[in-house]
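My entries follow in the order I looked things up.

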Amino acid sequence: MNFPVNPFAKAAPGEPASFAASFLLFRRLLSLNNAVLEKIGRMESSLAGEYVFDRKFLSEAVAGLNELVREVVSCLGSLTGNRYLSLYDRYEEIAGKLSGLALEYAGPYDRNLTLAYGLIDSDFEELVGGKNATLSEIRNRLHLRTPDGFAITVAAYREFMEANGLFAAIDAICANPGSSRDRSAAISRLLEQARFPEPLVAAVQDELRQLLNRAGGPVPLAVRSSGVGEDARTRSFAGQFHSVLEVRPEVSSVLAAYRRVIASRFSVAALEYLGSTAGSRDVPMGAGVQPMIRSRTAGVTYSRDPESPEKNQLLITALRGAAHDLVAGRRQADRFVMTRVWPFTPLTSEIVMPDGFSGDRDAFAILANGLRRGSATLTPRELAKLAEQALLLEKTFGEPQDIEWALGDEPVILQNRALSLPAKPLPLPGELAAELAVATPLMSGRGQVAQLGIAAGRVVHVDQDTDPDHFPVGAIAVARFPSPQLSPIVWRAAAIITEIGGPTGHLATIAREYRTPALFGTGDGVRVLAEGAEITVDVENKQVYQGIIEGLVRLHVAEQDDYRASQELRILRRILRWVAPITLTDPTAADFKAENCSTFHDILRFAHEKAIDALIHFHAERGAQEGASRRVRLPIPLKLRVIDLGSGLTSEASGAGEVGMEMLNSKPLIAILTGFLKDDQGVKESAVLGFKEIISGISKPLALLTGPSYPGDNLGIIAEHYCNLCLRLGYHFNVVDAYMSPDPDNNYIYFRFAGGLAEKAKREWRARLISAILSGLDFKVERTGDLVIAKARNLDIPRMERVLIRLGELISFTRQLDVRMRDEAAIEEFFQRFLSSIRQEQAGGEG
């Protein structure tokens with residue numbers, strides 16, 4: 001796909017784009033960003049079953065996405081002087097893959113005879129079989145522990161069968177009269193005589209060598225069946241196909257075990273399970289080759305208790321040793337029924353007494369809390385870890401799961417399949433109505449729906465600095481801002497609620513990808529929803545209730561729709577893998593680079609951040625090269641001029657030499673000046689610096705103190721929703737760059753403070769004070785010595801106005817800190833004074 005013109009062509013020397021043109025590009029990029037996110041949202045809603053779609057929808061969606069993202073890359077190239085050439089390469093590669101998927105191209109591996117697990121995900125089921133695809137998805141996408149290994153593909157199976165003429169021969173055997181036992185025996189004799197094609201032998205040999213290298217040397221292997229459709233919800237084939245354990249790490253042994261796996265496709269049990277209408281080409285067989293996993297304990301987790309599927313509980317069974325005796329039904333296991341709500345409290349337990357036990361049986365008696373006394377196979381920490389994994393897998397695959405695992409130091413998932421449960425009865429309308437009538441609503445009618453759903457759990461407050469690994473799976477995440485850095489938490493959360501944001505932002509897209517119920521823009525969720533409180537979230541009705549509303553939870557489980565097997569849905573999932581995920585979450589990270597964009601969402605995120613950065617630093621890099629500026633008449637001796645990019649001044653300013661405050665139409669500038677002009681003359685007096693302060697400041701770079709070259713006055717570049725304000729107040733230099741529109745997802749504030757001629761200790765005290773206050777105003781702050789840089793994102797208009805007013809006060813307030821601060825106590829006094837007023841305003845404005 002070619003750009004109509006080269007968007008990365010270098011501008012001619014001496015012809016930099018004007019700021020007005022750059023600002024228009026920036027606004028266009030924001031508009032495109034929103035259009036792409038809305039289109040992704042529609043595709044994800046279709047994936048969730050909210051819309052009916054067909055092949056035409058898929059091809060049109062891909063074509064539309066490719067065109068919009070192409071223009072995003074073009075805008076960024078023009079805005080940044082072609083700084084990110086590699087972004088174009090990433091766009092072309094991803095767009096090409098999407099176009100191929102829309103045309104149902106099978107992909108580059110469709111003829112491979114073997115595939116390492118590292119190359120596979122759940123969309124490869126038709127190529128590697130259900131077990132291989134699921135385990136690889138868990139390993140590669142969810143980063144949970146599974147065995148390493150490789151798949152012998154369905155293409156290898158077909159090559160083996162066709163090279164030996166087996167499909168026709170088997171169909172002939174099955175067409176003749178006889179019992180399933182006679183047919184199976186005849187097919188087994190054919191398979192024993194068949195030879196493996198040399199390309200298949202070579203592929204297995206090469207893949208085995210690589211696997212053993214990764215394992216650190218020869219290790220016993222398992223060769224497991226992985227048929228297409230095996231472990232499906234509609235027909236699981238549980239126990240029908242064969243897996244061979246303790247296989248020697250040699251090619252001949254692996255191929256012999258693989259032959260037995262193929263033979264199990266035609267066993268007596270499998271032939272009868274499939275029925276007389278099944279042909280030899282139905283349910284093609286793949287296989288997985290894995291190192292054996294040694295365990296002290298093994299077992300099975302059901303993410304919902306099969307005996308009480310309507311209850312919000314799960315079941316874990318465990319025994320010492322390996323799991324195959326448990327799944328084969330040869331040994332009894334300990335049983336633990338646990339709540340599905342973090343911290344996963346055990347409800348009941350049944351501990352199996354050891355064989356030959358002759359001691360005091362009261363040691364295993366049931367206690368008053370329903371649990372058994374005794375030596376269980378699993379610790380409380382291990383039980384909680386298994387429960388976490390079960391909920392993550394259920395959420396990922398969209399339905400209850402049956403998980404086989406082995407436990408050494410950490411759980412290793414050996415197999416995962418859909419759990420077939422009886423139909424869950426809907427709660428009776430009267431019962432649910434009665435339960436809701438006595439429920440206590442904590443929030444009602446607030447916010448915007450980002451992802452539909454119902455969830456219940458404990459509240460955990462999070463921000464962009466929260467460690468995702470420490471966030472409890474199944475908890476309700478409550479945050480002030482929908483930062484993309486919360487993406488890993490969204491996967492672990494039962495639901496997410498934010499005070500700011502809307503359905504078109506980056507985190508909303510992630511919530512839809514993970515199908516995490518999400519309610520954004522609630523206003524004061526952090527204050528209302530206390531840390532640790534149990535709540536129930538009903539996103540569709542915008543209700544948050546105190547406690548666990550069992551009827552709503554049952555309603556959500558019963559209403560979950562299953563249409564995941566359609567071909568259109570498979571294609572859409574594959575498309576969204578290259579569109580929706582976001583891997584570049586932290587703009588400050590070393591890997592936040594154009595060449596690391598893996599999806600269209602990454603390209604959007606990267607372009608958005610770099611466009612803001614380009615706009616913020618435009619003036620500092622190029623100086624004031626715009627046309628005529630206008631002096632602003634202020635009630636204090638502050639020299640300020642503005643350049644209007646469009647609608648930054650009212651119509652009354654037309655023809656006037658000077659403009660008064662009443663003629664300003666730039667919403668961000670009005671808010672900043674409102675704070676700056678608050679009647680507090682005590683903090684606006686000129687600073688009196690001593691000789692020591694002046695000398696100590698001389699070591700600072702002159703450019704840092706003075707900033708870019710302006711004509712002499714302070715300068716604001718303004719539009720109705722935008723302001724870039726550069727203020728040089730004495731020896732302090734402040735930059736504020738702000739965009740404030742009706743869409744919170746586009747809004748941001750950038751603030752930079754530098755300078756001052758106080759002695760070094762005072763300058764650093766001042767920087768600490770400013771950083772602390774900015775943190776209280778919801779900025780993300782970086783401080784290097786006495787240089788302070790702060791950013792705030794995703795603010796709605798009322799909150800952004802309040803923050804900008806406070807920022808104006810802070811700019812004014814800091815002018816006198818050099819001479820007023822004498823020691824650490826002075827820092828604390830000034831800090832408490834300013835921060836206390838911030839807290840009072842927030843309590844009054846949001847209470």
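How many bridges join strand β7 to strand β8? I find six, between residues 313–320 of β7 and residues 334–339 of β8, and the two strands run antiparallel.

Basis. I am working from a predicted model, in which local features need pLDDT of at least 70 and side-chain atom pairs count only at pLDDT 80 or more, while totals for chains, interfaces and linings use all residues. Residues are numbered from 1 along each chain as its sequence is written, and side-chain values use heavy atoms, with hydrogens and water left out.

Overview. I count 27 helices and 28 strands in the protein; these are DSSP runs numbered from the N terminus, helices being H or I with at least four residues and strands E with at least two. Of the 847 residues, 54% count as buried (under 20% relative accessible area, with exposed being over 50% and partly exposed in between, for a 1.4 Å probe and protein chains only). I also looked at contacts (heavy atoms within 4.5 Å) between residues at least 6 apart in sequence: 67% of them join residues at least 24 apart.

Six-stranded sheet. I placed β7 and β8 in an open sheet with the order β9-β8-β7-β6-β10-β11 and antiparallel pairing; two strands pair if DSSP finds at least two bridges between them. The edges are β9 (346–350) and β11 (411–418), each pairing on one side only. The twist averages 15° from one strand to the next.

Loop between β8 and β9. I found Pro343 here, joined to Trp342 by a cis peptide bond with omega of about 15°. Phe344 lies in the loop between β8 and β9 too, and has a positive phi of about 60° although it is not a glycine. I read 2% relative accessibility for Phe344, so it counts as buried. For reference, most residues other than glycine have a negative phi, and most peptide bonds are trans.

Another positive phi. Glu246 has about 55° and is not a glycine; I located it in strand β4 (residues 244–247). Is Glu246 buried or partly exposed? It is partly exposed, at a relative accessible area of 44%.

Eight-stranded sheet. I wrote down the order β12-β19-β18-β14-β15-β16-β17-β13 for this open sheet, with mixed pairing. Since β12 (441–444) and β13 (448–451) each have a single partner strand, one side of each is left without a neighbour in the sheet. Neighbouring strands are turned by 25° against each other on average, direction ignored. I checked β15 (residues 476–479) against β16 (residues 495–498): they pair in the parallel sense over four bridges, and Ala477 stands opposite Ile496. Helix α16 (residues 506–514) packs on the sheet, touching β13, β16 and β17 (518–520), and its direction makes about 50° with that of β13.

Helix pairs. I took α7 (residues 166–175) with α8 (residues 180–193) and read an angle of about 160°, with the axes 10 Å apart. Axes are lines fitted to C-alpha atoms, for helices over the stretch in contact, and angles run from 0 to 180 degrees between N-to-C directions. The angle makes α7 roughly antiparallel to α8 (over 145 degrees; under 35 is roughly parallel, 65 to 115 roughly perpendicular and the rest oblique). The contact joins Leu166, Ala169, Ile170, Ile173 and Cys174 of α7 to Arg183, Ala186, Ile187, Leu190 and Leu191 of α8.

I then took α9 (residues 198–215) with α10 (residues 251–264): about 115°, axes 10 Å apart. Here Leu200, Val201, Val204, Gln205 and Leu208 in α9 meet Val251, Val254, Leu255 and Tyr258 in α10.

Helix α21 (residues 667–676). I found seven of its 10 residues buried, among them Leu669, Ile672 and Phe676. The buried residues pack against β21 (640–644), β23 (714–719), β24 (722–729), β25 (732–739) and α25 (797–813).

Hairpin. My last entry is β27 (residues 780–784) and β28 (residues 787–793), antiparallel and joined by five bridges. Arg783 stands opposite Val788 in β28. Two residues lie between the strands, and Gly785 in the turn has a positive phi of about 60°.
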